[in-house]
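Dear colleague,

Please find the structure below, handed over for your records.

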Amino acid sequence: GEHLPRICNFVNKLQGNFTEGAIEALWVDAFRKEDRDLVGCSCPPGTTIKGLKVMTEWMAFANSTDGLPPLQLSDSALHGSKIIRLKRRNLWARYKSSMLAEKSGLYNFKSPDAKRNQLKKVGNITISIKHMQREMIRMAEIDALGDKWAKQHGSNILWLEYEDCRDDTAACFQRIFDFLGVNSAFVSKEPSLFESIFAVFDESDSSLLHISNDIAVRNALVAHGFEQYLHADELGKNPSGIGIGPILSHID
């Protein structure tokens, strides 16, 4: 009930232009200005930095054929803002994680224990090699496009990777604080901030654990030059290989 007046205000503000681009532009501008007539949240007093989380898969790139929802931030009030480009370089771990999430219905975790509970719930899964190929192509393409967009539209960019932040989370956060100009002395140092956010992306994600057809997956990855995504003790010798095609063949 408390949001209904804001929804009505939002609709009226659009003045009959209900295109997705108009809705997104108005919402982003309302977020930037903290317009309480349109959005119900605001930052605590004294806040000097605020940000908007955008998944690269939400963006509509001009040459996308994936049917991704359009999100044209380049024409918004946030154009030229600082950008923190965070991604996961291990495409196999990303794919495996998405399959485990789909199987379990659990996508977000607040602690490593929650991630372990997901793995117990799922058990083993069978990977479709063709589906893995298609999704890894898609992830790599979207990553490349996201990088290009950041370079074109950011005033300054901080490049981060999950793997590095997991290995030294405190240092990762310090880089973020320095980039944004935030005094880390005034930031909460609760253990959950540094220990849980990236810890759930543990090494088991990139292993062949919980994969029923682990040999087929290993052979497919190794045959096409992606052995760096696997653990050294899982590579084996002379993998037979079952062709899945060059995963990065569509990327400039």
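The model is a predicted one. I begin with strand 1, which spans residues 82-87 and has side chains that alternate. Strand 1 runs parallel to strand 2 (residues 156-161), and 6 bridges join the two. Within this pairing, Leu86 stands opposite Leu160 of strand 2.

The next item is a helix packing. Helix 5 (residues 129-153) packs with helix 9 (residues 214-223) at an angle of about 40 degrees, the axes being 11 Å apart. Helix 5 is therefore oblique to helix 9, and the crossing is right-handed. On the side of helix 5, the contact is made by Ile129, Met132 and Met136; helix 9 contributes Ala216, Val217, Ala220 and Leu221. By class, this contact has 7 nonpolar residues, with no polar and no charged ones.

Finally, two backbone angles should be noted. Most residues other than glycine have a negative phi. Gln15, however, has a positive phi, near 50 degrees. Gln15 is located in the loop between helix 1 (4-13) and helix 2 (20-33), and is exposed, with a relative accessible area of 73%. His210 also is not a glycine and has a positive phi, of about 70 degrees. His210 lies in the loop between helix 8 (191-195) and helix 9, and is partly exposed, at a relative accessible area of 23%.

With kind regards

Technical notes. Residues are numbered from 1 along each chain as its sequence is written. This is a predicted model: local features need pLDDT of at least 70, side-chain atom pairs count only at pLDDT 80 or more; totals for chains, interfaces and linings use all residues. Side-chain values use heavy atoms; hydrogens and water are left out. Axes are lines fitted to C-alpha atoms, for helices over the stretch in contact, and angles run from 0 to 180 degrees between N-to-C directions. Helices (H or I, at least four residues) and strands (E, at least two) are DSSP runs, numbered from the N terminus. Angles under 35 degrees count as roughly parallel, over 145 as roughly antiparallel, 65 to 115 as roughly perpendicular and the rest as oblique. A crossing is left-handed if the near helix is turned anticlockwise from the far one by less than a right angle, and right-handed if clockwise. Contact means heavy atoms within 4.5 Å. Ala, Val, Leu, Ile, Met, Phe, Trp, Tyr, Cys and Pro count as nonpolar, Asp, Glu, Lys and Arg as charged, and the others, Gly among them, as polar. Buried means under 20% relative accessible area, exposed over 50%, partly exposed in between (1.4 Å probe, protein chains only). Two strands pair if DSSP finds at least two bridges between them.
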